[in-house]
Each structure stands twice: as C-alpha cells, then as structure tokens.
Amino acid sequence: MPEHTFPPRVRFAPSPTGYLHVGGARTALFNWLLARHTGGAFVLRIEDTDMERSSDEMVQGILDGMRWLGLTWDEGPGVGGPHGPYFQSQRLDRYRAVAAQLVASGHAYYDYRGADARATASETGDGGPSAFGPKQYDETSVSLSAEEVVEREAAGMPRAVRFRVPPEGRTVFADAVHGEIGFDNAGLEDFVILRSDGCPTYHLSVVVDDMDMQITQVIRGDDHISNTPKQVLLYEALGAPVPGFAHVPLILGPDKKRLSKRHGATSVMEYSAQGVVPEAMVNFLALLGWSPGTDQELFSADELVERFDLEGISGGNAVFNPEKLEWMNNQHIMQMSDDVLIAQARPWLEQAGLWRADFDGPGRPWLVRALALLRPRAKRLGDIPEGLGPLVRPVVFDPAAATKHLTPQMGAHLDALATTLADTAPFDPATIEQAVRGTAEARGVKPGVFMQAVRVSLTGRTVSPGLFETIELLGRDESLARIRAGARRAGPA
C-alpha cells in the first residue's frame, strides 16, 4: 500500500436492503482486521439511499451481526465521529453540491432526457455486462450551449447529471490483491452521478463519502472492480487523493457457484441461530480468501489481528464449506473456557428447559464436568442441550433401543452390576470401568453388549458421552437407580 495509507482509515459500507450476509461479513472482517493490525480506524457507514428497499429493521440486523462477530467500529452509528453523518440518507445535500461542483468545473453535464435519464446497473454499483460497453447516452446533452442549459433550467426540465469521461487514455489503479489494473477510457460511458430525482448513484455517493471520511484503503469484493475506474476518475476530478484498493475474491458455494440462499443460511445471524459460536465464524470467514502463510487453521480474534495483512489475500475465489465450519465450531467449543461456554450455552439450555438455578451456584461444578463430557460431540451449541437432557431429566427410553438392548436375559446382569457399583470405591471412571467389565466377564456377557445395555439404562439412548465418565457424573445413587430401572424394563429372564 502507498505510504499515506498508514495508519489506514478503512470502512465497511453495507446497504440495509438485507441482513448482514456472509460475503459482507467477510469484507467487514478484513477491514476490521487491517485497522486493528495497523492501529488504524474502522468506520461503519450505512448506504441507505435506496429508500424503497432500506429499512430500520435491516439496519438493526446489520448492527446486530457486527456486534455478534465482535467487529466494533471506531466511527459510525451509535458511536459518532468527526466525519458524520454516517447514514447516506442524511448526506443528500452534500452529494447534490458535489454534483453541481463537477458541472461547474466541466467534469460533468446535465442530461435533459427527462425521467428516462436514469442510472444503468453499472452506475448503481451493481456491475453488469454494460459496465464497459460502448457509450450509449444521448451526446446532444454534451454539446448544449450555456444559453440552452439556462433555457432548460428555467423551464424546469427534469435532468440527470452525467460525469464526462475523458475520451482518450487509460484509467489505471493499483490493487493490493491483483496488482495494477487499467481500463481504456473509450470503453467507459459517461455515467450518471445524480439521477433525475436528485438522488446520487453509487459512484458519486461512495466517492464523496470516502473523500469526506478520509478513507485511505478500500477493501471490497471482486465484483466492484468494474466500478473502480469510474470512481478513480471522480477522485481525480475532485482533486482528492485516490485511496488504495484491495478487491477480495468472491465466496462460492460447494457447487462453485456464487454463494446464495440456495446453499443454506447466508445471514450471519442465521448461523448464530443454528448454534455457531462467533469465535468460530470469525475464524472461518478470515480463511475464506486469506492465508496466514502456514498450515495453522485455528485462530483467536487476537491471533488474526496479529497475523493479518493484505499480502495474504488470494486472488482466487473462496469456497464456503459447511462441514469445515462445523468442524471449526467444535474446535472452538473445545477450546473455550468454562465460563465462556456456559454463557454461550445458557440461552440454549434455558430454551430447552434444562437450566437450573443452582447452575449459578452450588451446581456449577457439576455443570462444568457435564460440559467437559459433551464438548467433544458438540458441533453446534444446540448439541449441548441434546446431550445434557438425558443426564438431568428422568430417563425416557427409546423404544427401539430398549427392545434391542434391554432383553429379559439382561435384567439379572444389570442387577448384578448395581450390586457391584454399590460398593465400588473410589467411584471414579477407572474403577467403574473395572466394575463394569468385571461384571460382564463374571456373567459371561460380551463387554460391548453389556455396556450398551448399561448405556440405554442410564440415558435411554444408544449414544452418550463416555460411559464410565457418565456414571461418575450421575453419581452413585442416581446411577444405581437408573441401572435398576433398566433391569426392571428388561424384565425377568
């Protein structure tokens, strides 16, 4: 990056026409990581000039998603700052003034084709095949005399404002990911910067905002490359420094097509609702298009801040792998401190009716031990109440499991185990294992068959945390009661 970008001022500028999706969250994360790594500033700006599609609900959804990920901003909504307002809808007069300034300087002109003088997809920032097509505007608007302009203004004729693209030469900019990129001006249309209704297009608003907010580094998706030459021309026409650019790869679904709702949840808060922890989501998003240069895959947010740089961003598209996210989520659950995991699991336990008042007091050590057993199997937070339920509620036998494993012959074996466990000391996993295996051997039962019957007696299921650890966790009295209940369910031989 150029020297003037340190420490950088970066921004994330979402449009509140939808919630914070995965691609936007990854862009926000890269900007946040660069700011935190370099001691720069991270600005959050809301691009809400699409009045029909923007809503307060979407704004709140974006803010909630950012906060869930831990991406705190230095300037923006709820924080303020010296370069506000940070909502584009509150900056319309500024955009109109700059458009008039460009007309006065000869860099732009009025297009009097009435209400039809609207922006194309490429002028709103959406890219599209027309972004570098031949000039398609009515050039009679360019050659109007000053008198003709005054005449049309006096008549109140609707008009848009178009930027006058130099007819010759190339517009070149440096990209931290792709290197130098250049475009022939002959391939750029004179693009609309202010619509006939007085609203700015994306090109004008983003340049004015970045200029006013002193943004020095723009990190955004590859789909914006087609917008950049037009914005560079605007910076130059306004005599403003051109920021550095870094266009990051798009995120594709497992089918190598652009990530969309058909691939499942795309809003980051949907992943929160599915039990993904924010630490894992941040880790996962960081590695979608960025590499630390080593084989390390698990990072805390602090480690990412320490290691992040633009040089690690790949030019190739990144693939969103749900299985990798699930694995990473489990790894972060495994690494969490007891207090952090309890705090994150508590809403799930409360929703399932499993939270007990004593978990905030005398019962907390028991909960910590239970979570230690459940962590290895917890791919998502929702797996924790699923695993904890059989340990805190009365046993509900799965009919198929009971029929298969609690056979009449097994009843006497289970009673024998209960008798043995009543005197087992110390009551720890190693000694309990000896008691279970010893009972199976003494009674001529295959250990695997016997242990599955014990498991079903304890939990009602064929799957549980470690059997011997579960018996210790339940305690002697509760374990004996459950094993004897299993024996009764089996019935006499």
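Predicted model: local features only at pLDDT ≥ 70, side-chain atom pairs only at ≥ 80, totals over all residues.
Residues are numbered from 1 along each chain as its sequence is written, and side-chain values use heavy atoms, with hydrogens and water left out.**View 1. Helices α5 and α6 cross at an angle.** Helix α5 (residues 202–212) packs against helix α6 (residues 228–237) at about 50°, and their axes are 10 Å apart. Helices here are DSSP runs of H or I with at least four residues, strands are runs of E with at least two, and both are numbered from the N terminus. Axes are lines fitted to C-alpha atoms, for helices over the stretch in contact, and angles run from 0 to 180 degrees between N-to-C directions. The pair α5 and α6 is therefore oblique; under 35 degrees would count as roughly parallel, over 145 as roughly antiparallel, and 65 to 115 as roughly perpendicular, with the rest oblique. The crossing of α5 past α6 is right-handed, a term for the near helix being turned clockwise from the far one by less than a right angle, with anticlockwise giving left-handed. On the α5 side, the contact (heavy atoms within 4.5 Å) is made by Tyr-202, His-203, Leu-204, Val-206, Val-207, Asp-210 and Met-211. On the α6 side, Lys-230, Gln-231, Leu-234 and Tyr-235 take part. By class, these residues divide into seven nonpolar, two polar and two charged. Ala, Val, Leu, Ile, Met, Phe, Trp, Tyr, Cys and Pro count as nonpolar, Asp, Glu, Lys and Arg as charged, and the others, Gly among them, as polar.

**View 1. Helix α6 and its covered residues.** Nine of the ten residues of α6 are buried, where buried means under 20% relative accessible area, exposed over 50%, and partly exposed in between (1.4 Å probe, protein chains only). Among the buried residues are Thr-228, Pro-229, Val-232, Leu-233 and Ala-237. Just after α6, Gly-239 has a positive phi of about 70°.

**View 2. Helix α18 among its neighbours.** Helix α18 (residues 467–474) is mostly covered, with six of its eight residues buried. Leu-467, Phe-468, Thr-470, Ile-471, Leu-473 and Leu-474 are the buried ones. They pack against α12 (364–374), α13 (383–392), α16 (429–442), α17 (447–459) and α19 (476–490). With α17, the angle is about 35° and the axes are 11 Å apart; α17 passes α18 in a left-handed crossing. Here Met-451, Val-454, Arg-455 and Leu-458 of α17 meet Leu-467, Phe-468, Ile-471 and Leu-474 of α18. This contact holds seven nonpolar, no polar and one charged residues. Gly-475 follows α18, with a positive phi near 90°.

**View 3. Thr-439 in helix α16.** Thr-439 belongs to helix α16 and counts as buried because its relative accessibility is 7%. Leaving out residues up to four places away in sequence, Thr-439 touches His-413, Ala-416, Leu-417, Thr-420 and Phe-450.

View 4. Three strands form an open sheet in the order β3-β4-β7, with antiparallel pairing; two strands pair if DSSP finds at least two bridges between them. β3 (108–111) and β7 (192–194) are at the edges with a single partner strand each, so one side of each is left without a neighbour in the sheet. Neighbouring strands are turned by 40° against each other on average, direction ignored. Strand β4 (residues 160–163) is joined to β7 by two bridges, and Arg-162 stands opposite Val-192 in β7. Elsewhere, a hairpin links β5 to β6 through three residues. Six bridges join these antiparallel strands, and Val-172 stands opposite Gly-182 in β6. On β5 (residues 170–175), Thr-171, Phe-173 and Asp-175 make up the covered face, while Arg-170, Val-172 and Ala-174 make up the uncovered one.

**View 5. Two cis peptide bonds.** The bond from Ala-425 to Pro-426 is cis, with omega near -5°. Another cis bond joins Gly-84 and Pro-85, with omega of about 0°; Pro-85 is in the loop between α2 (56–69) and α3 (92–104).

View 6. Most residues other than glycine have a negative phi. Gln-214, in the loop between α5 and β8 (217–221), has a phi near 55° and is partly exposed at 47% relative accessibility. Lys-256, in the loop between β10 (251–252) and α7 (268–273), has a positive phi of about 70° and is exposed at 54%.
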